[in-house]
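Open the model in your viewer and keep the sequence panel beside it. This tour goes from one selection to the next.

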Amino acid sequence: MASVSLAAAGIALAGGTWALTERALTVPPSPVRPEGVPSGPGGAEGASPEPWGFEEVDWEGWSKEAPALIAWVQLPEAGLSMPVMAPPADDGDYYLDHDAWGAWNPIGTPFLDADCQGDFDIGCAPILGHHLSDGRGFSVVAELSDPARARELSPVLLQTRAWRRVYDVIFVSVVDAGRHLKRTAFANAADFAIWWGSEIEQAAAVLDSRTVPRRVIQLVTCSYSTYANERTVATCAQRLELPPSSR
């Protein structure tokens with residue numbers, strides 16, 4: 001298996017990159033918001049507030065503007081709310097330096113690991129994003145190796161056109177990307193359980209040692225504490241699933 005890869009993170013935000021930064025980091029849930037519908041959580045005016053804080057994503061609008069947008073990820077307590085892209089089959093690192101619209105942009109856009117082939121239920125589904133010097137993007141993921149901070153910022157929200165899910169951070173690893181082996185698919189439940197036990201044993205922070213899920217997602221970004229080529233990997237298990245948004 002290849003190591004978890006996230007190159008060229010820690011980007012400095014200076015000079016001419018500012019406009020590109022804003023374009024990549026302030027992506028609204030709808031590319032064209034109909035009159036009377038707010039751009040943030042809550043849906044149409046007068047609707048009951050979304051109890052978990054899920055964004056109202058305009059999937060139809062995005063399917064025309066950015067067909068590779070397959071999900072929306074949030075850490076509401078941290079203010080993180082970003083699209084998740086599916087990279088081209090022949091260029092798994094495409095969204096390291098392209099925005100949601102497919103334009104070159106050094107800030108990039110969070111993306112599902114190409115080995116998952118768009119499937120969040122593959123077994124272990126890593127979502128990768130840049131750690132930026134101004135604290136935006138996926139920078140907050142690097143803070144999750146502190147258990148108190150991880151509990152403060154939970155839960156993680158992820159939605160697609162088919163479902164909305166609430167995830168809990170179970171454990172957080174700080175790894176040397178040159179040595180750590182990535183797993184996405186597993187032969188069976190026993191194979192997953194062996195991997196799970198090994199990963200949790202080596203984790204930097206364990207928030208829940210009792211849960212052994214059937215599948216997980218991971219939030220992955222660069223960090224700078226121990227290794228020259230370091231990643232922080234937050235492994236999250238599904239707490240519940242809700243129907244998709246009515247939009």
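**Stop 1: the cysteines**

Select C124 and C116: the sulfur of C124 is 7.3 Å from the closest cysteine sulfur, the one in C116, so the two are too far apart for a bond. A disulfide here is a pair of cysteine sulfur atoms within 2.5 Å. By this rule there are zero disulfides. C124 counts as buried at 0% relative accessibility. Now select C222, also buried, with a relative accessible area of 5%. Buried means under 20% relative accessible area, exposed over 50%, and partly exposed in between (1.4 Å probe, protein chains only).

Before moving on, note that this is a predicted model: local features need pLDDT of at least 70, side-chain atom pairs count only at pLDDT 80 or more, and totals for chains, interfaces and linings use all residues. Residues are numbered from 1 along each chain as its sequence is written, and side-chain values use heavy atoms, leaving out hydrogens and water.

**Stop 2: the whole fold**

Switch to cartoon. The protein has four helices and nine strands. Their order along the sequence is α-α-β-β-β-β-α-β-β-α-β-β-β. Helices (H or I, at least four residues) and strands (E, at least two) are DSSP runs, numbered from the N terminus. Of the 247 residues, 51% count as buried. Contact means heavy atoms within 4.5 Å. Among contacts between residues at least 6 apart in sequence, 66% join residues at least 24 apart.

**Stop 3: aromatic pairs**

Show the rings of Phe, Tyr and Trp (its six-membered ring). They pair if their centres lie within 6.5 Å; planes under 30 degrees apart count as stacked, over 60 as edge-to-face and the rest as tilted. The whole structure holds nine aromatic pairs. One of them is W62 with W101: the centres are 5.5 Å apart and the planes at 50°, so the pair is tilted. W62 lies in helix α2 (residues 59–65) and W101 in the loop between β2 (80–85) and β3 (111–112), so the pair ties together parts 39 residues apart in sequence. W62 is buried at 1% relative accessibility, whereas W101 is partly exposed at 28%.

Next, select F192 and W196. This pair is stacked, 6.0 Å centre to centre with 20° between the planes. Both residues lie in helix α4 (residues 189–201), four residues apart, about one turn of the helix. F192 is buried at 5%, and W196 at 3%.
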